[in-house]
Amino acid sequence: MAQGMGVTHTAFCDVEDIGFAACLASYAPAVVNHAAPARQVFTVTVRNSEGNIRTITVLLTGAQTAGDAATMALEGTSGETVVAVN
């Protein structure tokens, strides 16, 4: 759920669904409160120092790159490395 320009938008995407990234991409322009609307969805897989893997979904503008997605996925973390960006 996101608010922008006085309007509340709600998107429904099942995080367990294989099509989660595509679902987010379809709703991204409406729910992301950003100067430039979101146009891309990247799935970033990261590994911590203990070898545990987790997946992070990142919404980006059309001008941003997969490298930007990797950088954003690591924000606020320590000791994690990017395994893959899709």
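The model is predicted. The chain has 86 residues, and 24% of them count as buried. Two helices and five strands make up its elements. Mean pLDDT is 79. A search of the whole structure finds one salt bridge, formed by the side chains of Glu80 and Arg54.

**Fold and surface**

- From the N terminus on, the order of elements is β-β-α-β-β-α-β.
- Strand S2 spans 7–9 and helix H1 spans 20–31.
- Strand S3 covers 38–47, and strand S4 covers 53–61.
- Helix H2 runs over 66–74, and strand S5 takes residues 81–85.
- Among contacts with a separation of 6 or more, 37% join residues 24 or more positions apart.
- The accessible surface of the chain is about 5600 Å². Carbon and sulfur atoms hold 53% of that surface.

**Confidence**

- A pLDDT of at least 70 is reached by 74% of the residues.
- Strand S5 has the highest mean pLDDT among the elements, at 95.
- Strand S1, residues 2–4, has the lowest, at 42.
- Over residues 1–5, pLDDT stays under 50. The model has ten contacts beyond four places in sequence for this stretch.
- Where pLDDT is low, predicted coordinates should not be read in detail.

**Nonpolar core**

- The largest nonpolar core holds eight residues: Phe42, Val44, Val46, Ile56, Val58, Leu60, Ala69 and Ala73.
- In soluble globular proteins, nonpolar side chains tend to be buried together.
- Val58 is one of the core residues. Beyond four places in sequence, Val58 contacts Phe42, Val44, Ala69 and Ala73, among others.
- The contacts of Val58 also include Gln40, Val41 and Met72.

**The salt bridge**

- The N to O distance between Glu80 and Arg54 is 2.9 Å.
- Glu80 sits in the loop between H2 and S5, while Arg54 is in strand S4, so the pair ties together parts 26 residues apart in sequence.
- Glu80 is buried, with a relative accessible area of 16%, because the cut-off for buried is under 20%.
- Arg54 counts as partly exposed, at 37% relative accessibility.

**Glu50 and its loop**

- Glu50 lies in the loop between strands S3 and S4.
- At 66% relative accessibility, Glu50 counts as exposed.
- The Glu50 side chain makes a polar contact with the side chain of Asn52, at 3.4 Å.
- Glu50 and Glu80 are 30 residues apart in sequence, yet their C-alpha atoms are 9.3 Å apart.

- Thr45 belongs to strand S3. Thr45 is buried, with a relative accessible area of 15%.
- Ile53 lies in strand S4. With the nearby sequence set aside, Ile53 touches Thr45, Val46 and Arg47.
- Val83 lies in strand S5 and counts as partly exposed, at 41% relative accessibility.
- Beyond four places in sequence, Val83 touches Thr45, Val46 and Arg47.
- Val83 and Ile53 are 30 residues apart in sequence and 8.5 Å apart in space, C-alpha to C-alpha.
- Ile53 and Thr81 are 28 residues apart along the chain, with a C-alpha separation of 9.6 Å.

**Cys13 and helix H1**

- Cys13 is in the loop between strand S2 and helix H1.
- At 22% relative accessibility, Cys13 counts as partly exposed.
- Setting aside residues up to four places away in sequence, Cys13 touches Phe20, Cys23, Leu24 and Tyr27.
- Cys13 and Ser26 are 13 residues apart in sequence, with 9.9 Å between their C-alpha atoms.

Key
Residues are numbered from 1 along each chain as its sequence is written. This is a predicted model: local features need pLDDT of at least 70, side-chain atom pairs count only at pLDDT 80 or more; totals for chains, interfaces and linings use all residues. Side-chain values use heavy atoms; hydrogens and water are left out. Helices (H or I, at least four residues) and strands (E, at least two) are DSSP runs, numbered from the N terminus. Buried means under 20% relative accessible area, exposed over 50%, partly exposed in between (1.4 Å probe, protein chains only). A polar contact is a pair of N or O atoms within 3.5 Å; within protein, one must be able to donate a hydrogen and the other to accept it, and residues adjacent in sequence count only if both atoms are side-chain atoms. A nonpolar core is a set of buried Ala, Val, Leu, Ile, Met, Phe, Trp, Tyr and Cys residues joined through side-chain atoms within 4.5 Å. Contact means heavy atoms within 4.5 Å. Accessible areas come from the Shrake-Rupley method with a 1.4 Å probe; for residues, only the protein chains shown count as cover. pLDDT is the predictor's confidence in each residue, from 0 to 100. A salt bridge is a side-chain nitrogen of Lys or Arg within 4 Å of a carboxyl oxygen of Asp or Glu.
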